[in-house]
Amino acid sequence: VINTTPIGTIQICQGGQSTITADPGFSTYTWSDSSTGQSITVSTAGQYFVIAADAQGCESVSAPVDVTVNPPLPLNISAGGPSQICNGEIVTLTADF
């Protein structure tokens, strides 16, 4: 049996990435996106799993990890006073999601 960390579903922000790592102790690792190695870094939505083989060639398949990519949140910024100021003047900016 091979497990991954994290398990289940992970969410990343658009433009971000996350690493999925399989248990150690196997000779080869082949991921569902054709990557090889014990870990992969993902930045696109999808379902990722790994097939790992031991030294005798016996294979084990992990449960899938679902990756969701979330779009950026809209950000509204407003000035708590005049939007044009001179050097030395202060205005408070407020950000709302």
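What share of the contacts in the protein with a separation of 6 or more comes from residues 24 or more positions apart? I looked this up and found 36%, where a contact means heavy atoms within 4.5 Å.

**Entry: basis.** I note that the model is predicted, that local features need pLDDT of at least 70 and side-chain atom pairs pLDDT 80 or more, and that totals for chains, interfaces and linings use all residues. Residues are numbered from 1 along each chain as its sequence is written, and side-chain values use heavy atoms, with hydrogens and water left out.

**Entry: overall dimensions.** I compared the radius of gyration, taken over C-alpha atoms, with the globule rule of 2.2 Å times the number of residues to the power 0.38. The protein has 22 Å, whereas a compact globule of 97 residues would have a value near 13 Å. Along the principal axes, the C-alpha atoms fill a box of roughly 75 × 20 × 20 Å.

**Entry: surface.** Of the 97 residues, 20% count as buried, meaning under 20% relative accessible area with a 1.4 Å probe and protein chains only.

**Entry: secondary structure.** I found eleven strands and zero helices. The definitions are DSSP runs numbered from the N terminus: H or I of at least four residues for helices, E of at least two for strands.

**Entry: mixed sheet.** I traced an open sheet of three strands in the order S2-S9-S6, with mixed pairing; two strands pair if DSSP finds at least two bridges between them. Strand S2 (8–13) and strand S6 (46–48) are its edge strands, each pairing on one side only. Neighbouring strands in this sheet are turned by 30° against each other on average, direction ignored; axes are lines fitted to C-alpha atoms, and angles run from 0 to 180 degrees between N-to-C directions. Six bridges link S2 and strand S9 (residues 65–70) in the parallel sense. I located Thr9 opposite Asp66 in S9.

**Entry: antiparallel sheet.** I then traced an open sheet of three strands in the order S4-S7-S8, paired antiparallel. Strand S4 (28–31) and strand S8 (59–61) stand at its edges with a single partner strand each, so one side of each is left without a neighbour in the sheet. Strand S7 (residues 50–53) and S8 run antiparallel and are joined by three bridges. I located Ala53 opposite Glu59 in S8.

Definitions and conventions:
Buried < 20%, exposed > 50% of the residue type's maximum accessible area, 1.4 Å probe, protein only.
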